[in-house]
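I would ask you to look at the sequence and the structure before we go through some selected features together.

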Amino acid sequence: MVLWSKEQDKLSTDMSTGTEIIEMKKEGAPPAYHQSNGSVHPVILPTDPEERQPNAGEYELTEVTSFSDRPEQESDRTEMVVIDCRANAKGQREEDALLENASQSNESDDTSTDQSPVPPVPLKETSFSIGLQVVFPFLLAGFGTVAAGMVLDIVQHWKVFSEVNEVFILVPALLGLKGNLEMTLASRLSTAANIGQMDTAKEMWKMIMGNLALIQVQATVVGFLASIAAVIFGWIPEGHFKMGHAVLLCASSVATAFIASLLLGLIMIGVIVASRKVGINPDNVATPIAASLGDLITLALLAGISTGLYQELDYNDYANPLVCVFFIALTPVWILIARRIPSTREVLYSGWEPVIIAMAISSVGGLILDKTVTDPNFAGMAVFTPVINGVAGNLVAVQASRISTYLHMNGLPISEPNPAPQKCPTPCSTFFGSGVNSRSARVLFLLVAPGHLVFLYTINSMRAGHTTLTYVFIAFYLAAALLQVMILLYLADWMVQWMWKRGMDPDNFSIPYLTALGDLLGTGFLALCFHILWLIGDRDTDVGD
């Protein structure tokens, strides 16, 4: 009897029988044996030696039933492989050939359905390498949010925004689409690229077509629901309802969401494929670029489309309803395309809850923005809202995507039947731990203050907004931004792992919640800052008028 343990790498010999037992420890694996072609199949071996065929030089693979009564533990389960080998020259030669062939065919045999693929090696990243890869996309994203803030500062005085105040409620909800859809798309594709699911052209195009169709379905539905939320939030405080304005909001929201998601989805796909080819981690690049272009493109489309449709109210009563019907009628086409891809089919059926709830949370932030910006004393808030929300959403999306990729690449089980209760992570473990995720959290948090100082200087140098950048204002603004990002990074650490343990893919569920909470916290903290500054006398409205 020859007993071999893989982890101990030693042999124990028992000459009482002519068998060789190979014992390999593997967590959670069912009993199996290796054929000469490298494939793995379950075996059934009775203990009665008379049932074995005593042909010299042949191998019989059977299950050792005497081990079946031992309690199975996930941390200590064994595979028993019994090879009946006669100690002769022919048998020894066949055994050597068997082991050599099995070792060579582990990589080439694709016919086995039970063979486990070798997981990719996780990327070795230091704090410096993380910061170096994140800082440039982060600055690019920040300047994109600055441009979006300047656009909002200008268009808030347009007629459609002053006559139909509910358009302000649409702003955070539609800008949040970059978190609900585009950043989620970037996170899904980044994870797929990192774990090797986009290595071949066929796999890559399947992922691209399925995900593009999926976000078009989600964008249309979310845009329609956002318009309903805007109508409700606008009707409740005012007490009156205008059908023309409601249809205008619906048409503007659906058209903006559809076109923006299509453009940003194509950009995200190009960024992920290019970054993977040049050896850059897509998790560090894709989500910041989505943030940099998402706010600007979405806000410009919303302002332009809503203005054009508002002008049509006086001349054409059918323009707004036709726009709504056109984009909604395309939805079944995108559903059929998304259903053909297994990875997007699952999200198509189960991925609506986070997107819809995130839209509702962002709409509450839009209500705060509507009630604050329409007050002439707080008109300067408009230019800073996309900046503080965009920077926070950008950073937390990077962290959530990195944690999700870490869980995928390390092959950790996505769910357990009875997950053991674990302690909730503390802020100390999130920011001061020794792991790679704590390291990235520290790097991302340290980018907040210098990044916002650069963006505030850019806004001030371009004479945008309606607020002078005093030391008191900068101190309150940075305090709000740091508190917002600190809360979001801690929530990302807790939420991603909580979802993973309950069988939910964090790529599809975490980022919409986190970016929506970022919009709500950022808008609320910023409004609170302006109210406090007004109370203590640090007020002016002379800049940018």
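Which residues does Ala-449 touch, not counting residues up to four places away in sequence? Ala-449 touches Leu-478 and Leu-482, where contact means heavy atoms within 4.5 Å.

Before I continue, please note that this is a predicted model, in which local features need pLDDT of at least 70 and side-chain atom pairs count only at pLDDT 80 or more, while totals for chains, interfaces and linings use all residues. Residues are numbered from 1 along each chain as its sequence is written, and side-chain values use heavy atoms, with hydrogens and water left out.

Let us stay with Ala-449, which is found in helix H16 (residues 448-461). Helices here are DSSP runs (H or I, at least four residues), as are strands (E, at least two), numbered from the N terminus. At 24% relative accessibility, Ala-449 counts as partly exposed; buried means under 20% relative accessible area, exposed over 50%, and partly exposed in between, with a 1.4 Å probe and protein chains only. From C-alpha to C-alpha, Ala-449 lies 9.8 Å from Tyr-477, although the two are 28 residues apart in sequence.

Nine of its nine residues are buried, so H4 is largely enclosed by the rest of the structure. Among these buried residues are Phe-168, Pro-172 and Leu-175.

Now to the aromatic rings. A pair of aromatic rings is described by the distance of the centres and the angle of the planes. Rings of Phe, Tyr and Trp (its six-membered ring) pair if their centres lie within 6.5 Å; planes under 30 degrees apart count as stacked, over 60 as edge-to-face and the rest as tilted. By this rule the count is 13 aromatic pairs. One of them, Phe-384 with Phe-530, is tilted, at 6.4 Å centre to centre and 40 degrees between the planes. This pair links distant parts of the chain, since Phe-384 is in helix H13 (residues 381-409) and Phe-530 in helix H18 (residues 506-536), 146 residues apart. Phe-384 counts as buried because its relative accessibility is 1%, and Phe-530 is also buried, at 7%. Elsewhere, Phe-258, Phe-326, Phe-327 and Trp-334 form one aromatic cluster.
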